[in-house]
Amino acid sequence: MADEALSNNVRWLNDFERYLRTERQVSAYTVRNYLFELQRIEKLFSETDTWLSLQHESLQAMLAKLHRKGLSPRSLSLTLSALKQFYEFLLREQQIKVNPAISLTAPKQGKPLPKNMDVDSVSHLLDIDGDDPLSLRDKAIMELFYSSGLRLAELAALNVADIQFSQAQVKVLGKGSKERIVPIGKLALTAINQWLDIKRDIACEDDALFVTAKGKRLAHRSIQARLAKWGQEQALGIKVHPHKLRHSFATHMLESSADLRAVQELLGHANLSTTQVYTSLDFQHLAKVYDGAHPRAKKRGNRS
């Protein structure tokens, strides 16, 4: 009986492979991945299990077992896709009456955490010696991104009048046309003033804070390209873009203050849950803070 079940299992997988290659004309890469995932499931079969006899509950239990063994949600999603396609094929071949995989679920894939730069990398990026107009402008842009955690669209839309020098603040129009006031650090203010000294000699179309050599407001793509260029010139080994500086601002602020709601206000997040993603970025740092601060976490030998 076991030999017959094994033979049938192999036969249906072979037929499925042929179907994918000839009728569906699926890429060889996809065929290989699907077969690999199905064989991974097949290794969990009992001696009497066949592809035709398995029910929804058994398949769901097998997915759960793979998850417990450490298979990532991304890999499990591929396993799930292979199962659904395979059982659709068996249904088409009239070998089963109901697709047992149709309502299977896999663990949700977590949102990828935003990647930030450490403080030393940011300092190195901003250590620009050039005194030409483009270098001064770009330094002011990057200092402002990191100092105030602005979005690309927010920074590109800034006018000179939005910078409140006496209060060391910038007025920002965020998502949903919501206005907020954000502090500007001393180094960013200095960089902006140096850029404005040069900008006075440029005939500008409007009051835009950051402009091209011809006086036009700097476009989003131009800002992105300039940051990427400086990342290469400063030999950071990573792609620098506006969001990376915004993420770095948020992470470093949380590491220093742990004030989630304050950072939420600075970033212009409507929901606290959006800001909470940054609390997962540096668990080692949070663990050290916890171990040093929480009464129940302190070692007995440290008690005074």
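1. Let me begin with a helix pair. The axes of helix 2 (residues 28–42) and helix 4 (residues 73–92) cross at roughly 95° and come within 9 Å. Since angles of 65 to 115 degrees count as roughly perpendicular, helix 2 and helix 4 are therefore roughly perpendicular to each other. On the helix 2 side, the contact is made by Asn33, Tyr34, Glu37, Leu38, Arg40 and Ile41. Helix 4 brings Ser75, Leu78, Thr79, Ser81, Ala82, Leu83, Gln85 and Phe86 to this contact. Sorted by class, the contact of helix 2 with helix 4 has seven nonpolar, five polar and two charged residues.

2. A word on the whole chain, and on what kind of model this is. The model is a predicted one, so please read every value here as computed from it. The protein has 13 helices and three strands. Of its 304 residues, 38% count as buried. Among contacts with a separation of 6 or more, 58% are accounted for by residues 24 or more positions apart. The accessible surface of the protein comes to about 18000 Å², and carbon and sulfur atoms hold 50% of that surface.

3. At what angle do helix 6 and helix 9 pack? Helix 6 (residues 133–148) and helix 9 (residues 220–233) pack at about 95°, and their axes are 11 Å apart. Helix 6 and helix 9 are therefore roughly perpendicular to each other. From helix 6, the contact takes in Leu134, Ser135, Arg137, Asp138, Ile141, Met142 and Phe145; from helix 9, the partners are Ile223, Arg226, Leu227 and Trp230. By class, the contact of helix 6 with helix 9 has seven nonpolar, one polar and three charged residues.

4. Not counting residues up to four places away in sequence, Asp138 touches Arg226 and Trp230.

5. At 42% relative accessibility, Pro133 counts as partly exposed. Leaving aside neighbours within four places in sequence, Pro133 is in contact with Trp195 and Ile198. Pro133 and Ile198 are 65 residues apart in sequence, while their C-alpha atoms are 6.3 Å apart in space.

6. Helix 8 (residues 186–199) is where Leu187 sits. Leu187 has a relative accessibility of 62% and so counts as exposed, the cut-off being over 50%. Have a look, too, at the pair Leu187 and Ser147: these residues are 40 apart along the chain, with their C-alpha atoms separated by 8.3 Å.

7. Helix 5 (residues 119–126) has its buried residues arranged in a simple way. Which residues of helix 5 are buried? They are Val122, Leu125 and Leu126. These three cover an arc of only 90° around the axis, which puts them on the same side of helix 5.

8. Phe249 is found in helix 10. With a relative accessible area of 5%, Phe249 is buried. The C-alpha atoms of Phe249 and Asp118 are 9.8 Å apart in space, and the two residues are 131 apart in sequence.

9. Finally, two backbone points to check by eye. Ala168 has a positive phi of about 55° although it is not a glycine. Where is Ala168 placed? Ala168 is in the loop between strand 1 (163–164) and strand 2 (169–173), and with 23% relative accessibility Ala168 counts as partly exposed. Ala235, likewise not a glycine, has a positive phi of about 55°. The loop between helix 9 and helix 10 (242–257) holds Ala235, and at 63% relative accessibility Ala235 counts as exposed.

Definitions and conventions. Residues are numbered from 1 along each chain as its sequence is written. This is a predicted model: local features need pLDDT of at least 70, side-chain atom pairs count only at pLDDT 80 or more; totals for chains, interfaces and linings use all residues. Side-chain values use heavy atoms; hydrogens and water are left out. Buried means under 20% relative accessible area, exposed over 50%, partly exposed in between (1.4 Å probe, protein chains only). Helices (H or I, at least four residues) and strands (E, at least two) are DSSP runs, numbered from the N terminus. The arc is that of the directions from the helix axis to the C-beta atoms. Axes are lines fitted to C-alpha atoms, for helices over the stretch in contact, and angles run from 0 to 180 degrees between N-to-C directions. Angles under 35 degrees count as roughly parallel, over 145 as roughly antiparallel, 65 to 115 as roughly perpendicular and the rest as oblique. Contact means heavy atoms within 4.5 Å. Ala, Val, Leu, Ile, Met, Phe, Trp, Tyr, Cys and Pro count as nonpolar, Asp, Glu, Lys and Arg as charged, and the others, Gly among them, as polar. Accessible areas come from the Shrake-Rupley method with a 1.4 Å probe; for residues, only the protein chains shown count as cover.
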